Amino acid sequence: MTKTSFDSAIEDLGERLAGPWRGPRQMLGDQEYDGHASIHDEATAQKLGFKTATIEGPTHFSQFAPLGEAIWGERWFSEGCLSAHYRNPVFEGEAVRAYMDKPADGSVQVAIRMEKRDGTEVLRGTAQIGAGGPPTALEARVGSLEPLKDAVILHEVTLGLKTGRQAVRMDADQNMGALYPFSLAQKLTKITEPSAIYADAAGSPFGRAIIPMEMISVLCQYTARDDRMPLRGPAVGLFADQEIWLIKGPLFVGEAYEIDREVVFMSGSRRTESLWVKTRVYAPGKDEVLATMLLNSATMKESYAPYAEEYAALYG
């Protein structure tokens, strides 16, 4: 039997694989940005109509790792991509299950889905391996959306706005700051799919501990407060869509990287204004892209106090 990196029980459902039921843990109760609490704070979440603090979306990406490895083996950690549209929030105490379709002959892309026990859809999207495949779930989604009109919160943001290079790293015991007030070591005590591959060199086929895909989101957002993108606020946002793609991976614990960010799209809904940002990860001083993250941060209009007043001033 092929050795795997996880002890997770995987069920073969015929046309797809299913992981075990898991209860993801909340670790962002103390998150703060721009001087105010986030949707992961209970009081803030309830003010915006949620029953309690939500669990951060990329937390769910870990439940797909054993499924990706089951289908593509070790390549999953070097060339894997998860592309997901978040459909409904999850709250601590709720159980969720990840599903991944089996690939058809020659296919590099499959559908993914996560559900609660009552069938509520948490997320949907695609997983794939390597480049050159069909559009990812979010590439297709962006292509189907209308560009944002009559922006208020994003009024000063321009398409193509790009930050300079920023140095980032993730040591095992490094507190990741106000946005992510915990360390990788603390995350690994609560991660839904624990594995030695994340913790020590001896347990990793790559000779070094690798960063879990959900924590690549943290690495890519670590210096986001330094971007100073011209968003109006304070206002509360949430992750609505997210894609993480390892191109020349994996990414390693304790390794120095550089990132930049680019505004690639802006969209909206009745309740939100959405900023789509692509983050690229590089080795220091190099131009080769090692990994990317596409993130749609949807800011809730009702959380920005002068929204109606400024809308009227801008658009009559």
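Mentor: Rings of Phe, Tyr and Trp (its six-membered ring) pair if their centres lie within 6.5 Å; planes under 30 degrees apart count as stacked, over 60 as edge-to-face and the rest as tilted. In this predicted model, local features need pLDDT of at least 70, side-chain atom pairs count only at pLDDT 80 or more, and totals for chains, interfaces and linings use all residues. Residues are numbered from 1 along each chain as its sequence is written, and side-chain values use heavy atoms, with hydrogens and water left out.

Trainee: Which residues do ring pairs link into a cluster?

Mentor: The cluster consists of Phe6, Phe77 and Tyr198.

Trainee: How many aromatic pairs does a search of the whole structure find?

Mentor: The search finds 8 aromatic pairs. In the pair of Trp72 and Trp76, the ring centres are 5.8 Å apart and the planes lie at 10°, so this pair is stacked.

Trainee: Does Trp76 count as buried or exposed?

Mentor: Buried means under 20% relative accessible area, exposed over 50%, and partly exposed in between (1.4 Å probe, protein chains only). Trp76 has 3% relative accessibility and therefore counts as buried. Trp72, at 14%, also counts as buried. Of the 316 residues of the protein chain, 52% are buried.

Trainee: What share of contacts in the protein chain between residues at least 6 apart in sequence join residues at least 24 apart?

Mentor: A contact means heavy atoms within 4.5 Å. In the protein chain, the share is 73%.

Trainee: How many helices and strands has the protein chain?

Mentor: Helices (H or I, at least four residues) and strands (E, at least two) are DSSP runs, numbered from the N terminus. The protein chain has 7 helices and 13 strands.
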